[in-house]
Amino acid sequence: MAEPLRPFRLRRCGGPQKFGVAAGSLRGLLRKGCRLLQLPLAGSRLCLYEDGTELTESYFRALPPQTELVLLGPGESWRGCASDIERLLAAFCSQQGAVVEAARRLLTDERAPHRQKLLADLIHNLSENILAEDKEDDKKWFEGLESRFKNKSSYLRHSCESRMRGYMREVSGFISNVHPAARDAYREIIDLMTDKLKSVKYNGCYFDRREEEEAARLCTAEGWFSCQGPFDRDDCPCKHSINPYSNRESRILFSTWNLDHIIEKKRAVVPELAEAVKTRDGREVNWEYFYQLLFTLDNLKLVHIACHKKTNHNLSCDKTRIYRKRKQTYEIS
């Protein structure tokens, strides 16, 4: 008794167009596919589009209807979705417009919602003037901003500096909770941190594409930023990424992302600093350690608003680094 026919979606290796083909066996599907796509039956084979797994007869019988397959001719190979991405990147190296066109062809017949969104986002970003830096080259990007911003990096530096200044205000404002006898020492540490921040321009270089060596710690020179949270897993499960340099909408959306302290600023770092000053008992507080936790990427991670972990991180400062070891001096008799 012949196997009932089941429908599948078939495409050539490297081809965007998909065809509906029904068959009851792997051999029957291979024969129909080769006839349709004009490939020799000898040496041809079928594999899954998703991950490149080559089909056997038993595997074929377990496939659900409408599974997307790739027909490989003699000598051809397919490594799954990564093969499509490689083709897009190859096109990008030669001509950006070709990338947009290739992505649009893929999107035309794409059914998976997640891949639809990725392709749509790619087209949206590549269609904009990502590499433009100055206002004259991308006036739309600057709509709604103060006229003093003449390039994209200057605005993003300003945004970063504003966040750092806000963190410093919170540290300064905590002085009312510090023991009265320790407030002068606390103020001295605030002054040291402020001078350090001023010397590095409030770490605005993290958002300056022209200072690539510094900015590379957080993003690429082209301006792509990736979500680095939540912190109880290896990385962002949703793979959020954004290029705020690409267009006005992305610039506005990027303002909703958070610079999140892994060891929390309000719950852990600032109270620990106040306690360290109070109980120092002649020891020297390692203010640079607290500076790193409050104002640098040692403890700050860029997080998409949906991945911002609002609950207690349950992390504390390293007790062995709160005080600095004093250098010993020896008298020569």
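Two residues are said to be in contact when they have heavy atoms within 4.5 Å of each other. The structure is a predicted model, in which local features need pLDDT of at least 70 and side-chain atom pairs count only at pLDDT 80 or more, whereas totals for chains, interfaces and linings use all residues. Residues are numbered from 1 along each chain as its sequence is written, and side-chain values use heavy atoms, with hydrogens and water left out.

Leaving aside neighbours within four places in sequence, Val171 is in contact with Tyr186, Ile190, Val270, Leu273, Leu294 and Phe295. Val171 is also among the residues with the most contacts inside the largest nonpolar core, which has 52 residues; such a core is a set of buried Ala, Val, Leu, Ile, Met, Phe, Trp, Tyr and Cys residues joined through side-chain atoms within 4.5 Å, where buried means under 20% relative accessible area with a 1.4 Å probe, protein chains only. The elements that give two or more residues to this core are α6, α7, α10, α11 and β9, helices (H or I, at least four residues) and strands (E, at least two) being DSSP runs numbered from the N terminus.

Helix α10 comprises residues 265–278, and its buried residues include Ala268, Val269, Glu272 and Leu273. Among the elements that cover the buried residues of α10 are α6, α7 and α11.

Cys317, in the loop between β9 and β10, is likewise buried, with a relative accessible area of 5%. The C-alpha atoms of Cys317 and Val269 are separated by 6.6 Å, although these residues are 48 residues apart along the chain. Beyond its neighbours within four places in sequence, Cys317 is in contact with residues including Ala268, Val269, Glu272 and Phe290.

Key: Expected span 1.5 Å × (residues − 1). Buried < 20%, exposed > 50% of the residue type's maximum accessible area, 1.4 Å probe, protein only.
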